[in-house]
Amino acid sequence: MDVRAAIATEAGKPLEIATVQLEGPRAFEVLVETKATGICHTDEFTLSGADPEGLFPAILGHEGAGVVVEVGDGVTSVKPGDHVIPLYTPECRQCPSCLSRKTNLCTAIRATQGQGLMPDGTSRFSLDGKPLHHYMGCSTFANFTVLPEIALAKIREDAPFDKVCYIGCGVTTGIGAVINTAGVEAGAKAIVFGLGGIGLNVIQGLRLAGADMIIGVDLNPTKKEWGERFGLTHFVNPADLEGELVPYLVDMTKKGADQIGGADYTFDCTGNVSVMRDALESSHRGWGVSVIIGVAPSGAEIATRPFQLVTGRVWKGTAFGGARGRTDVPKIVDWYMDGKIEIDPMITHTMPLQDINTGFDLMHAGESIRSVVLY
Ligand code: NAD
Ligand code: AHE
Ligand code: ZN
């Protein structure tokens with residue numbers, strides 16, 4: 001069938017809107033009509049050429065919501081008409097990783113997903129007979145897409161696509177990093193570096209967990225007000241400081257008898273490796289946990305003095321907030337529908353597919369939190 005898509009033709013070039021061909025679903029695959037998709041910084045990361053796994057030409061997009069149109073042989077968990085959120089971290093419930101109960105990183109189809117292919121090693125998308133790569137197993141920058149059954153979370157039908165698409169990445173990543181990865185307890189002190197589409201969700205996750213002190217760090221001064229809308233208690237712009245950032249943050253967290261200072265939990269939501277170091281080193285001696293969420297460019301490496309870890313700080317990372325998508329995503333949709341978490345104010349811009357490059361421009365300019373493409 002013919003579908004409308006935004007094609008990443010090569011690194012650093014704007015997406016090209018075109019009609020491309022999409023084959024129907026094969027066994028254990030599902031054809032989905034995409035109704036809405038967010039634009040995440042990771043789409044920009046891959047489009048920029050910084051992603052070591054980046055492939056071109058490809059149809060990017062991994063933060064969508066839509067409706068099942070057709071299912072392939074053997075599909076049992078969804079049927080035409082079901083509302084779904086595509087999962088870049090699938091949940092097969094059978095692979096060693098899923099069975100371990102220690103990680104959400106299902107390995108059932110990771111190898112082919114990283115090659116921009118469906119699990120049978122082929123692509124469903126093509127243009128003039130030449131294959132186009134899938135992206136993160138989702139390719140939501142097309143009005144129809146094909147996914148493996150294990151990469152779809154079935155959600156309630158009254159949830160609005162234009163809002164819950166954000167649960168496909170940003171919301172789940174931010175809130176999940178707090179709840180699943182860090183395990184933040186009530187009364188904790190936390191620092192969030194980078195208050196964008198992910199960092200604001202970390203902040204609302206911290207509020208949900210009952211954190212007492214939530215410090216936000218961002219170079220963009222407009223992010224102070226943004227953070228405060230979701231529970232930020234203090235804001236620091238490193239550009240306004242005369243001295244070093246880490247001692248300044250450690251000082252802020254000193255309280256009463258605890259004159260060592262440092263946050264119980266810190267989160268990197270920038271993808272900048274020197275920020276990751278600051279995040280680790282501003283966590284508390286003896287027990288601080290620092291969670292890396294941001295993705296860093298090809299070749300980048302993190303560094304710190306081993307002494308930072310010897311003295312009890314823990315460096316962790318998280319993908320998709322540690323969430324098991326088919327199990328957890330429908331619950332997060334319920335949290336949104338029940339008013340436990342906010343999404344609407346973070347969706348600052350919407351646009352038709354035709355204008356998707358404007359969404360990337362707004363991100364570069366620091367003007368959007370989330371842009372959502374409506375089909
Ligand atoms: P965004 O562009 O919306 O926000 C980034 C924020 O970081 C901006 O507010 C920016 O001003 C701030 N920032 C940049 N450099 C900074 C610095 N040196 N110090 C302080 N603040 C700085 O991006 P986003 O969508 O929120 O994504 C954030 C990161 O998380 C990206 O690297 C993205 O690829 C990654 N990500 C990871 C996962 C995961 O599963 N691990 C999921 C989604 C996104
Ligand atoms: N391909 C990159 C890494 C990109 C990355 O870390 N992706 C995250 C999701 S970011 C969503 O916005 C992820 O889930 N990683 C785990 C996985 O299996 O891909 C690189 O550096 O190679
Ligand atoms: Zn994302």
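Colleague: How do the residues of the shell around ligand 2 divide into nonpolar, polar and charged?

Modeller: Keep in mind that this is a predicted model. The shell around ligand 2 has seven nonpolar, two polar and three charged residues.

Colleague: Which residues surround ligand 2?

Modeller: Cys40, Thr42, Asp51, Pro52, Glu53 and His62 are there, along with Tyr88, Arg110, Met136, Cys169, Val295 and Ala319.

Colleague: Which polar side-chain atom lies 2.6 Å from an oxygen atom of ligand 2?

Modeller: One from Thr42. Glu53 has a polar side-chain atom 2.9 Å from a nitrogen atom of ligand 2. For His62, a side-chain N or O atom is 3.2 Å from an oxygen atom of the ligand.

Colleague: And how much of the accessible area of ligand 2 does the protein cover?

Modeller: The figure is 71%, out of 540 Å² for ligand 2 on its own.

Colleague: Now the metal. Which residues are the protein donors of the zinc ion (ligand 3)?

Modeller: Cys40 through SG, His62 through NE2 and Cys169 through SG. They lie 2.1 to 2.3 Å from the zinc ion. Cys40, His62 and Cys169 are also in the list around ligand 2.

Colleague: What are the angles at the site of the zinc ion?

Modeller: They run from 99 to 124 degrees among four donor atoms, and the site is tetrahedral. The donor residues follow the sequence spacing C-x21-H-x106-C.

Colleague: Is Cys138 buried or exposed?

Modeller: Cys138 is buried, because its relative accessibility is 0% and the cut-off is under 20%. Cys169 is buried as well, at 4%.

Colleague: Over to ligand 1. Which residues come nearest?

Modeller: His41, Thr42, Ile198, Asp218 and Lys223, out of 28 residues around ligand 1. Thr42 is also among the residues surrounding ligand 2.

Colleague: How do the residues of that shell around ligand 1 divide?

Modeller: Into 13 nonpolar, twelve polar and three charged.

Colleague: Where are the polar atoms that lie by the oxygen atoms of ligand 1?

Modeller: An Asp218 side-chain N or O atom is 2.7 Å from an oxygen atom of ligand 1. Arg370 has a polar side-chain atom at 2.9 Å from a ligand oxygen. Gly197 uses a polar backbone atom, at 3.0 Å. The protein buries 86% of the 870 Å² that ligand 1 exposes when taken alone.

Note on methods
Residues are numbered from 1 along each chain as its sequence is written. Chains are lettered from A and ligands numbered from 1 in the order in which they are written. This is a predicted model: local features need pLDDT of at least 70, side-chain atom pairs count only at pLDDT 80 or more; totals for chains, interfaces and linings use all residues. Side-chain values use heavy atoms; hydrogens and water are left out. Buried means under 20% relative accessible area, exposed over 50%, partly exposed in between (1.4 Å probe, protein chains only). A residue is near a molecule or strand if one of its heavy atoms lies within 4 Å of it. A polar contact is a pair of N or O atoms within 3.5 Å; within protein, one must be able to donate a hydrogen and the other to accept it, and residues adjacent in sequence count only if both atoms are side-chain atoms. Accessible areas come from the Shrake-Rupley method with a 1.4 Å probe; for residues, only the protein chains shown count as cover. Ala, Val, Leu, Ile, Met, Phe, Trp, Tyr, Cys and Pro count as nonpolar, Asp, Glu, Lys and Arg as charged, and the others, Gly among them, as polar. Donors are N, O and S atoms within 2.8 Å of the metal (3.2 Å for Na, K and Ca); water is not among the atoms, so sites may look incomplete. Four donors count as tetrahedral if all angles lie between 85 and 135 degrees; four count as square planar and six as octahedral if opposite donors are over 155 degrees apart and all others between 65 and 115; anything else is irregular.
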